[in-house]
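Dear colleague,

Please find the structure below, with the sequence alongside. My notes on it follow directly after.

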Amino acid sequence: MKSGKHKEQRVGVFVDVQNMYYSAKNLYKGAKVDFGKILKEGVAGRRLIRAFAYVIRADIEPEQAFYEALEKQGWEVRAKDLQVFIGGAKKGDWDVGLCMDVIRHADKVDVVVLVSGDGDYVDLLDYLRGRGVRTEVIAFGKTTSGKLVEEADEFLDLDESPQEFLIKKKGPRKK
């Protein structure tokens, strides 16, 4: 195992699905993240306590199948409706909800693995480290806040081996 990791550590993994989805889509021409592999890498042979995947409901047909796939992989799916404001502006994020769940679980884990490159989480990592909780971030380096990387005890840059963490597109079937 990598330095700072040992099999007795209790781990909580928290993934900002929208952040990862749009990073992969924009960086790798519509590619999708393999959240099962992300969870396995985040846990890294340690004791998984909880794994949360935060999603925004968009009311599209494949959505339910995606949520079910996440659950089969071991994620607890937390869904929130997309907010639509007067004038048509739309907003959907889980920043505060994810932070609250991390704080609720901080005394039950030794390690928090944050799967997001969003710089809004810098203060959360600072808080956790002040409480003696190890912080690890998994994200695409090209779309990750530099301050988030600095604040984390460890950063796994998915851009270094994207083929490992992206779902391979299925080509046309051969007859």
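Ser23 lies in helix H1, which spans residues 17-27; helices (H or I, at least four residues) and strands (E, at least two) are DSSP runs, numbered from the N terminus. At 7% relative accessibility, Ser23 counts as buried, where buried means under 20% relative accessible area, exposed over 50%, and partly exposed in between, with a 1.4 Å probe and protein chains only. Neighbours within four places in sequence aside, Ser23 is in contact with Phe140 and Thr143, contact meaning heavy atoms within 4.5 Å.

Please note that this is a predicted model, in which local features need pLDDT of at least 70 and side-chain atom pairs count only at pLDDT 80 or more, while totals for chains, interfaces and linings use all residues. Residues are numbered from 1 along each chain as its sequence is written, and side-chain values use heavy atoms, with hydrogens and water left out.

The chain as a whole

The protein chain has seven helices and 10 strands. Of its 175 residues, 43% count as buried. Among contacts between residues at least 6 apart in sequence, 67% join residues at least 24 apart. The accessible surface of the protein chain comes to about 10100 Å², and 51% of this belongs to carbon and sulfur atoms; the areas come from the Shrake-Rupley method with a 1.4 Å probe, and for residues only the protein chains shown count as cover.

The sheet

Six strands form an open sheet with parallel pairing, in the order S4-S3-S1-S7-S8-S9; two strands pair if DSSP finds at least two bridges between them. The edge strands are S4 and S9 (154-157), each of which pairs on one side only. On average, neighbouring strands of this sheet are turned by 15° against each other, direction ignored; axes are lines fitted to C-alpha atoms, for helices over the stretch in contact, and angles run from 0 to 180 degrees between N-to-C directions. Helix H2 (residues 35-43) packs on the sheet, where it touches S1, S3, S7, S8 (134-139) and S9, and its direction makes about 145° with that of S1.

The individual pairings are as follows. S1 (residues 10-16) and S3 (residues 47-57) run parallel and are joined by seven bridges, with Phe14 standing opposite Phe52 in S3. S3 is also joined to S4 (residues 76-81), in parallel, by six bridges, and here Arg57 has Asp81 in S4 as its bridge partner.

At 8% relative accessibility, Asp16 counts as buried. Leaving aside neighbours within four places in sequence, the residues in contact with Asp16 include Tyr54, Asp95, Val115 and Tyr121.

Aromatic rings

A pair of aromatic rings is described by the distance of the centres and the angle of the planes. The structure holds seven aromatic pairs; rings of Phe, Tyr and Trp (its six-membered ring) pair if their centres lie within 6.5 Å, and planes under 30 degrees apart count as stacked, over 60 as edge-to-face and the rest as tilted. The rings of Tyr21 and Tyr22 are edge-to-face, because their centres are 4.8 Å apart and their planes at 85°. Tyr21 is partly exposed at 33% relative accessibility, and Tyr22 is partly exposed at 45%. The pair of Phe66 and Tyr67 is tilted, because the ring centres are 6.2 Å apart and the planes at 50°. Within this pair, Phe66 is partly exposed, with a relative accessible area of 32%, whereas Tyr67 is buried at 7%.

Ring pairs also link Phe14, Phe52, Tyr54 and Trp94 into a cluster. Lys80 lies over the face of Trp94, at 4.5 Å from the ring centre; a charge sits over a ring if NZ of Lys or CZ of Arg is within 6 Å of the ring centre and within 35 degrees of the ring normal.

Two loop residues

Lys29 is found in the loop between H1 and strand S2 (32-33). Phi of Lys29 is near 45°, a positive value in a residue other than glycine, and at 76% relative accessibility Lys29 counts as exposed. Ala44, in the loop between H2 and S3, has a positive phi of about 50° although it is not a glycine. Ala44 is partly exposed, with a relative accessible area of 22%.

With kind regards
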